[in-house]
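Please read the following alongside the sequence and the 3D view.

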Protein chains: 2
Amino acid sequence: MRSDGRLTQIKDVVLRWSYPQAMSSDHNPGLSTTSEQFDRFASAILPCGISDRAFARFRSLARFDGAATGKAPLAKTGEDQIVFVASGATKLVAHATHGREQIVAFHFAGDLVSVPARAAHAYTLVALQPCALVTFPAAAFMLAARAEAGLLNEVLQRALRALDRSREKSIILGRKSAQERVASFLTIMAERIGAPQDGGCVLDLPMSRRDIADSLGLTIETVSRQFGELRDLGLLDTSGRSIVKLHDLAGLDARAGHLPVAA
Amino acid sequence: MRSDGRLTQIKDVVLRWSYPQAMSSDHNPGLSTTSEQFDRFASAILPCGISDRAFARFRSLARFDGAATGKAPLAKTGEDQIVFVASGATKLVAHATHGREQIVAFHFAGDLVSVPARAAHAYTLVALQPCALVTFPAAAFMLAARAEAGLLNEVLQRALRALDRSREKSIILGRKSAQERVASFLTIMAERIGAPQDGGCVLDLPMSRRDIADSLGLTIETVSRQFGELRDLGLLDTSGRSIVKLHDLAGLDARAGHLPVAA
DNA sequence: CGTAAGGTTGATCAACGTCAAGCGCCGTGG
DNA sequence: CCACGGCGCTTGACGTTGATCAACCTTACG
């Protein structure tokens, strides 16, 4: 953690920036200064041995954004962007015709997201919670990264992990029933943001049923019904809109239609 | 193109290797020597200024495989692999329960593929045509690449392109009708392997209807019916099992349900 | 405590999967 | 060169899953 600051304290005066309402969430407290945001980025992504020069370069490339729930935090710069989620949670939404939306991925604090500007479909990054984001223009980021093999390697590993997750999503969307999709979603979320609790696992989902539906290629009604069925099976309980208690991870995994390695 | 060889000619004697039946395909002629395969990999992936030492390192890590149509060319080493498709075409297949299969991606000559060994689902790389493949253990490849920023950058760019394609597939699988899926598939294939012909485009698809179905999350019957409907609409004609003539790329794109950039 | 957005539940419908039969392409052998 | 046979593709009839439409209920927040 490079919290001693370097040139961060200089820029703080200029860049200090308060969030619309990101500050008051007790769940994902916002970061009060841009240097805290950038330090979090640096300690997660930049290699320890990075040169002062490169460190300063990334500092100057960074744009700091915050966003309230439901808002699209990114300015449309017309070019690809790399986004670090310093705190909060986001969804990457793709738009098809007739207002149909497909959520391509969810991201949580510490994640790095590649947001393409031009593709066959338009993409929007949207906040699920109050968020603190550090944004870079992708081209300049890559250029600055060329000198730092450790950094390139870190970004590559993360890109490959994102690719794996996207492939898993393809299987879910292409070949699974509604129940298998919901079960898969829950096991994946359990792994990413689950809190273990007496043999099971508790989730506080930051996304709505609509988000879940748009992520799984289903409708909210179908998602709701499947939650109901899984509850009837004794695999989970829900409380309020966002709390899900998973009683039997193994049972859920069995319903997810996975086929663990080896044909 | 580094065809002068360096140490390739030395190893040829040891590694020269003939393909089961990959040699006689007039469509995608195999490469007769491992040095031809490796040179193709080197010129596509390795940066020009790479050191002799690093070049030799990759040469020694490479495994050379060929495979007849329908065969799985990769030995199950139990670790992640990086595969370069020197010639031919492959599919990356994921397996779910009940023998359900989802094709996660197609690859053609010049493509680099990341094949994970352990994930929630099992993956198999399968040849669509006689293939020449250059395979590396992923961990060792990454280690060797750390010293070469240009190479890391190239691999990263390709990984990001693969991620974009996978995300596009998520949209197709999650939110599109059967007809939109088939139309999307055809426009994507037109871009990747299409041969322009009087205003339209001719495809010689290396994959079967079953492959197309397994890629789009449909059944072969549905794929067949949609080909029929698109033919009735005057958008395409088929001839034999693999030739598809696309008359109207724009019309096809309109049926694909894309929403070009900007919400 | 009231209200609006989000979530649940039920009834109906359509798209696509399933099952089944027939056709045509293409490699093989005469 | 043509006849044969098998596999892959096409086409049709029917069933099932999940979307759609609609009403009601709950939760969280002012």
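A residue is called buried when its relative accessible area is under 20%, exposed when it is over 50%, and partly exposed in between, using a 1.4 Å probe and the protein chains only. This is a predicted model, in which local features need pLDDT of at least 70 and side-chain atom pairs count only at pLDDT 80 or more, while totals for chains, interfaces and linings use all residues. Residues are numbered from 1 along each chain as its sequence is written, chains are lettered from A and ligands numbered from 1 in the order in which they are written, and side-chain values use heavy atoms, with hydrogens and water left out.

Chain A comes first. Nine helices and eleven strands are found in chain A; both are DSSP runs numbered from the N terminus, helices being H or I with at least four residues and strands being E with at least two. Of the 263 residues in chain A, 57% are buried. A contact means heavy atoms within 4.5 Å. Among the contacts in chain A with a separation of 6 or more, 70% join residues 24 or more positions apart. The accessible surface of this chain is about 11,200 Å², and carbon and sulfur atoms hold 51% of that surface; such areas come from the Shrake-Rupley method with a 1.4 Å probe, and for residues only the protein chains shown count as cover.

Next come the salt bridges. A salt bridge is a side-chain nitrogen of Lys or Arg within 4 Å of a carboxyl oxygen of Asp or Glu. Over all chains, the structure holds 16 of them. One joins Arg158(A) to Glu154(A), with the closest N and O atoms 2.8 Å apart. These two residues are separated by about one helical turn, because they are four residues apart in helix H5 (residues 149-175) of chain A. Arg158(A) counts as buried because its relative accessibility is 18%, whereas Glu154(A), at 25%, is partly exposed.

Another salt bridge pairs Arg175(B) with Asp214(A), where the closest N and O atoms are 3.0 Å apart. This pair crosses between chains, running from helix H5 (residues 149-175) of chain B to helix H7 (residues 209-216) of chain A. Both Arg175(B) and Asp214(A) are buried.

Within chain B, Asp111(B) forms a salt bridge with Arg192(B), the closest N and O atoms lying 2.8 Å apart. The partners are 81 residues apart: Asp111(B) sits in the loop between strand S4 (101-108) and strand S5 (112-115), and Arg192(B) in helix H6 (residues 178-193). Asp111(B) is buried, with 17% relative accessibility, and Arg192(B) is partly exposed at 25%. Arg192(B) is also among the residues touched by His107(B), as are Val85(B) and Leu125(B). His107(B) lies in strand S4 of chain B and is buried, at 6% relative accessibility.

A residue is near a strand if one of its heavy atoms lies within 4 Å of it. Of the 16 residues around DNA strand C, those that come nearest are Arg209(A), Ala178(B), Thr222(B), Arg225(B) and Arg241(B). Sugar or phosphate accounts for 61% of the atoms of DNA strand C within 4 Å of the protein, and bases for the rest.

Methods
Lists of a residue's contacts leave out its neighbours within four places in sequence.
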